[in-house]
Amino acid sequence: MKTSSNTDNSFLKKLSVDELLQVVPDLFFALNADGTILEHQAGNSSDLYVPPQEFLGKSMFDVLPPEPAQLLRITFERVKFSGQLNSVHYQLNVGGDFKWFEARIVKSKEDRFIMLVRDITVDKTKELSILHQIHHDHLTGLYNRCYAFEFIQRELHQAHNGLSELALFYIDIDDFKDINDQLGHVIGDEVLKEVAHAIQKSVRKDDIACRIGGDEFLVIANGEFTHTTLRSTAKHILRAIDAASRKLALGLSFSVSIGISISSPNNTDPMRLAEQADSAMYDAKHCGKHGYAIFTAPT
């Protein structure tokens with residue numbers, strides 16, 4: 001007695017490629033060895049970056065914008081070298097909507113390559129949302145403590161190779177307990193958000209602003225520093241906090257104290273560097289608050 005699976009398999013083998021592709025909502029491309037697009041099949045034509053007449057006979061890497069084109073080129077070369085299937089995720093603006101795609105590339109016969117492209121926007125958006133929650137503080141939106149120290153560890157590795165220095169600005173709100181006691185925790189949360197916003201807009205685009213504790217913040221800056229540039233950054237942050245305090249108009253002004261530490265070839269331990277910035281911050285508080293201090297190793 002024949003099983004139904006044998007009958008099903010016999011039927012499936014008789015299906016044409018066109019019949020199968022009609023029920024698959026993906027894009028298929030046949031490429032030659034230099035990435036030229038020879039054929040295509042669109043299960044969902046709305047996912048095409050440009051119409052077929054604008055890409056057939058052209059290199060995939062010339063049709064797409066530079067960043068996704070480079071990612072695909074690297075993946076394509078990897079497949080050519082290994083002969084194994086490889087995949088890559090990239091983002092494209094398709095018809096005004098930013099979409100995420102997964103491209104799976106495999107080598108076929110006669111030196112041809114098959115690339116399957118699938119819209120993964122929904123799954124990628126969920127993944128990025130989860131990563132955001134893991135790495136960010138829920139109240140202020142800044143990076144959190146966990147991310148801060150992971151980032152410091154990575155950057156110190158580069159600094160250890162002599163490529164740059166790392167400066168930490170440890171920022172603590174002065175007398176924050178008084179704000180909570182006198183105005184309540186709801187207002188206290190507003191102060192935290194305003195301070196976070198002020199810090200973020202007062203530092204360079206590539207600097208990393210984090211909330212690492214209740215009223216404690218950290219700015220991680222990469223580059224080459226002198227005491228003059230460190231003082232300039234600290235003063236910029238202080239002015240931004242002053243403006244935030246005036247903006248809230250709570251009847252109770254607030255300020256911050258800042259401690260600064262900087263890496264060196266002999267100072268590449270994340271916790272040690274943070275402790276030095278924390279120590280300098282307390283020096284600033286002992287000198288009257290609403291100021292900054294740069295860590296100096298005891299002699």
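# Legends to close-up views of the predicted model

Figure 1. A search of the whole structure finds 1 cavity of 30 Å³ or more. Of the 16 residues that line the largest cavity, Leu27, Phe29, Tyr49, Met60 and Leu64 are the closest to its centre. The volume of the largest cavity is about 140 Å³. The model is a predicted one, in which local features need pLDDT of at least 70 and side-chain atom pairs count only at pLDDT 80 or more, while totals for chains, interfaces and linings use all residues. Residues are numbered from 1 along each chain as its sequence is written, and side-chain values use heavy atoms, with hydrogens and water left out. On a 1 Å grid over the protein atoms alone, a cavity is a set of points where a 1.4 Å probe fits but cannot get out; a pocket is an open set with protein on both sides within 12 Å along at least five of seven lines; and lining residues have an atom within 4 Å of a point. Grid points are joined across faces, edges and corners, and a volume is the space filled by probe spheres set on the points. At least two lining residues of the largest cavity come from each of strand 1 (27-31), helix 3 (60-63), strand 3 (86-94) and strand 5 (113-119). Helices (H or I, at least four residues) and strands (E, at least two) are DSSP runs, numbered from the N terminus. The lining of the largest cavity comprises 15 nonpolar residues, no polar residues and 1 charged residue. In this classification Ala, Val, Leu, Ile, Met, Phe, Trp, Tyr, Cys and Pro count as nonpolar, Asp, Glu, Lys and Arg as charged, and the others, Gly among them, as polar.

**Figure 2. The second largest pocket.** About 160 Å³ of space lies in this pocket. Its lining is formed by His227, Ser261, Ile262, Ser264, Asn266, Asn267, Arg272, Gln276, Phe295, Thr296 and Ala297. Strand 9 (256-262) and helix 10 (270-286) each contribute at least two residues to the lining of the second largest pocket. By class, 3 of the lining residues are nonpolar, 7 are polar and 1 is charged.

**Figure 3. Asp137 and His136 in the loop between helix 5 and helix 6.** Asp137 is placed between helix 5 (121-135) and helix 6 (145-160), and His136 lies in the loop between helix 5 and helix 6. Asp137 is classed as buried because its relative accessible area is 12%; buried means under 20% relative accessible area, exposed over 50%, and partly exposed in between (1.4 Å probe, protein chains only). His136, at 18% relative accessibility, also counts as buried. The side chains of Asp137 and Arg211 are joined by a polar contact of 3.2 Å. Such a contact is a pair of N or O atoms within 3.5 Å; within protein, one must be able to donate a hydrogen and the other to accept it, and residues adjacent in sequence count only if both atoms are side-chain atoms. Apart from neighbours within four places in sequence, Asp137 is in contact (heavy atoms within 4.5 Å) with Leu142, Tyr143, Asn144 and Arg211. With the corresponding neighbours set aside, His136 contacts Gly141, Leu142, Tyr143 and Asn144. The C-alpha atoms of His136 and Tyr147 are 7.7 Å apart, and the two residues are 11 apart in sequence.

**Figure 4. Thr75 in helix 4.** Thr75 is part of helix 4 (residues 66-82) and is buried, with a relative accessible area of 2%. A polar atom of the Thr75 side chain lies 2.9 Å from the backbone oxygen of Leu71. Not counting residues up to four places away in sequence, Thr75 touches Asn86, Ser87, Val88 and Ile105.

**Figure 5. Two non-glycine residues with positive phi.** Asp175, although not a glycine, has a positive phi of about 50°. Asp175 is located in the loop between strand 6 (165-173) and helix 7 (176-183) and counts as partly exposed, at 40% relative accessibility. Lys289, likewise not a glycine, has a positive phi of about 65°. Lys289 lies in the loop between helix 10 and strand 10 (292-294) and is partly exposed, with a relative accessible area of 34%.

**Figure 6. Cys210 and Cys287.** Cys210 counts as buried, at 1% relative accessibility, whereas Cys287 is exposed, with a relative accessible area of 72%. The structure holds 0 disulfides, a disulfide being a pair of cysteine sulfur atoms within 2.5 Å.
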